[in-house]
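Colleague: Hi! Could you walk me through the charged pairs in this one?
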Amino acid sequence: MASEDELFANVDALLEEEPQLPPPAERARLREAAGITQARMAKALGVTEQTVKNWENGRSEPKSPRLEAYQRLLNGWAVKYPAHDAPGSTPTPAPVAAPQPEVPQTFTGPAAGGPESAAPVEAPAGRPGPERPLARRTAASSRRPVVRKAAATAVDPRFPHGPLAVLDGDGNAYGVDGIVLDCPASTIPELVEWTLRESGLGAAKLHRYGKDSDPLIVLTGAAAVKLGLPERLEGHEQRRSLRLPEDHPVVKQVAKARWQLTQRGFGPWARIYRKAQGRERQCVQLAILSWDALDERSWPGVSEMEPADIARILGVYAQRVITPRGSTAVSGLELMTAMRPPTKAVRDEASGNWVSGHNPGSLGTEPMDPAPPEATPEHPVVVNSGWKGGFLNEEAYQWVRDVDLLTAQECTLPCAVGLDLNTAFLAAAARLVVGLSAPDHFHAPTFNPKIPGSWLVDLSYIELDPRLPSPFTPDGSRPTGPAWYQTHTVAYAQELGHNVEPIEAYLRRETGAYLDPWHDRLKNAYVDTLADLGVTKDLSDAEFLAAMEKHKQVDPALAAVLSAIKATVKGGVGKLRERPQGKSYKEGERWPALERPTWRPDIRAAVISKARVNMHRKLLNMQRLTGLYPLAVLSDCVVYPSPGASPLDFLPYAASGKAQPGGFRLGPTPGLAKLEGVQAMAWAVDLMEQGFNPARHIKGGDAVLDEGE
C-alpha cells in the first residue's frame, strides 16, 4: 500500500499538469451559450480573434497564462450552461450535429433553379410521432461485405431510425445499425406519407442556423416496380436527362395526392414535397438504384450489394458527410451550404420580431454574377457585354516533360513511380480566403496577396527550369504575354522573387474562409474512414505503404465510402462552375445553375490555383532536396524516375529517418502522398515519346490510350 507521502506526491504531480480543456466544439458551444462573440473574448484574453477561432476549431491550443484564464472562463460557463450529455461525460464528436434549440427562421419554398437549388420549406421543431407501432427488426448478415459501425453518434429523438433506409420489393426498409422497418406502402404517395409520419427517419442539421436533412428512401429495382415505376428508364445512358414523362401514372398519382416535384422532375434522385404548414417541413428524397442513382465511378460496386449493406454504406456517408441529395457532386455543394447557412434568425429592433437575416461568412441567398474574366465564354456577362479581354485559366496540371530533356542517367533507372496527393483540392481549401461580395474593377492596382480576386498580369518574363512545369499555366508551358490569374498564382510569382505589376484587377472587398467548415468535415470523414480501413496516422512510412496496398481488401464496402468522400470533394469544387447542359442551350442565355448563390467560378479558381501552386512548390523543393525532376504531372499525381519500386527509394529523409519538410511526404491526411502506381521506366519513356501522359496511366499500366488525350 502506498504511503501518505507517496499519495500526496502523486496528487501534487496531477495538480502540476497543464489544465485540461474541453474539446474544441464544446469550447465554441459554451461561448455561444453565454452570448459572447469571438471578438469580445479575444479582447478579454488579450489575443486576436483569429486565435480564438483557432482554439475553437482545434488548430492551436492556448499557452500559460492564458491557458489557465481560458479554462477558468470555460469552467464557469460549463456550470451555467451544462451540456445535454450525462453528468461527467465528455461530449463525443459526432458526424451528425446534436439538435440545437429552434429559433424562428424565414420559410423558403423550392428554388426556381436546377436540381441542386431545390430548397423545400424550413424544418419543424419535431416530426409527428408514429401513428401506429413500427415493426423493427435487426437485419441478418448478408453475403456482401458489411461496413463496421461508425463512431457512436448522438441519437436525435426526432429521428430514432437514422437518416435513410433502403427499400426492397418485399416491403423491408433497411436502415442504419442493422434495423429493418416494415413499410406497407404500395404507391409513391403512400411511401412519402409513411416516411414522414411513421418511419422515424431524418437527420439533424449540421449547423445551428441550418435545416434538418430530409429522410432518404433508396429504392431497389424490385421496390421501384412494386411502386409502379419502370425498373429502367428508356435512354438511361443519358443519365443527366433521366426523368419520367409528366403523363406517367406515378407522376399523376403524386399530383393527385397534392404532393409536388421539384423542377428536375421524377428522375434517379426525386424530391417530393408539400408547402409548409406552419413550421412543419414535408419533404422526402428518393433515390432509385436501377436508374443509376449511385454512379459507379463514385460508389464502386454499391448498387449491386444487398440492401442491408447499401444502407450501412450510405449511413456511414450520411453520418460523416451529409445525407445524399443527388450525385456526390451535388452532395458536395449541398454540404457547403449546410455548413455555412445563408441566413440566421435576427431580432428586428423596430418591431421586436424575429426575421431572417444574413449569416456572416456565408454566400447569402442571392446569386452573384462573376467578373467577366472569371465567367465562361457563354455566360451572359460575357456575351452581352462583348467582353474580349480573356479568361482565367486556373486548371489542374496536365504536363509532360519534353523527352529531349531526359538525361541518360534517368533513362537507365529501372522504375517510374507515381505519387498521388490525398484529396489535393480539399487540402487547398483549408484556410482559403475567398471573396464573399461582388467584384469591383480596378486599373493598375498594387498587388496584395491577401485580397482574393483576378489579376491581369504579364508573367511571361519569368524564366524557370524547363524540366519543371511552369506554375502559371495548366499545361506547364511558359506564359506568352499578359493573362488573368487568381491571387494565389500571382502571389507565388512574388514568392519566387519576381516583381509583379498588375495591369487590371477584379477584387472583392468582403472576404472570408468560406470553405473552412466544409474542409474540416470532409477531412475528418476521409481520415476516419481510412483509419477504419487500417490506415492510421501513427504508422511509419513503410507501414503506411503496406496498409494502403491492402486497405480496399480489408473492407470493400467501406472502401466505397472512401471513394464517395473523394468524389464529393472533386465534384463539389467542380459544381462551383457548372456549365450549361443540353443541346437546346443558346449562348448568352442563363442556365439553372446560375441561380444558385454557390455558382462561384472565382472560388473554384481559388481552390485549383492554390492546389497547383502547392504542387509546384513541392516539385521545386524535391529538386532542391534530391536533385530529381518529375516526368509528368496530372492534377494531383506526379511521376518520378526511381532506382526502386517504392517511394522510399527516392523521397528525401533526414539522417534521423524523418521525412524532410517541403517535399512530398507519405501519410493518410489531405495533402500528403500515397503510392499511385509503379511501372518500368522504359514504359514511361515510350508513352512520353508518343505524346501521352504517364501520370494518367501509371495506376493501370497497360491502359488503353485515347487519341485525344
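Modeller: Happy to. A salt bridge here is a side-chain nitrogen of Lys or Arg within 4 Å of a carboxyl oxygen of Asp or Glu. This is a predicted model, where local features need pLDDT of at least 70, side-chain atom pairs count only at pLDDT 80 or more, and totals for chains, interfaces and linings use all residues. Residues are numbered from 1 along each chain as its sequence is written, and side-chain values use heavy atoms, with hydrogens and water left out.

Colleague: Great, how many salt bridges does that rule give?
Modeller: The count is 31.

Colleague: Which residue does Arg-31 pair with?
Modeller: Glu-56, with the closest N and O atoms 2.6 Å apart. Arg-31 sits in helix H2 (residues 24–33) and Glu-56 in helix H4 (residues 49–57), so the bridge ties together parts that are 25 residues apart in sequence. Helices here are DSSP runs of H or I with at least four residues, and strands are runs of E with at least two, numbered from the N terminus.

Colleague: Are those two buried or exposed?
Modeller: Both Arg-31 and Glu-56 are buried. Buried means under 20% relative accessible area, exposed over 50%, and partly exposed in between (1.4 Å probe, protein chains only).

Colleague: Which residues are in the network with them?
Modeller: Salt bridges link Arg-31, Glu-32, Glu-56 and Arg-208 in a network.

Colleague: Switching topic, what about Arg-509?
Modeller: Its side chain meets that of Asp-440 in a salt bridge, 2.7 Å from N to O. Arg-509 counts as exposed because its relative accessibility is 65%, while Asp-440 is partly exposed at 26%.
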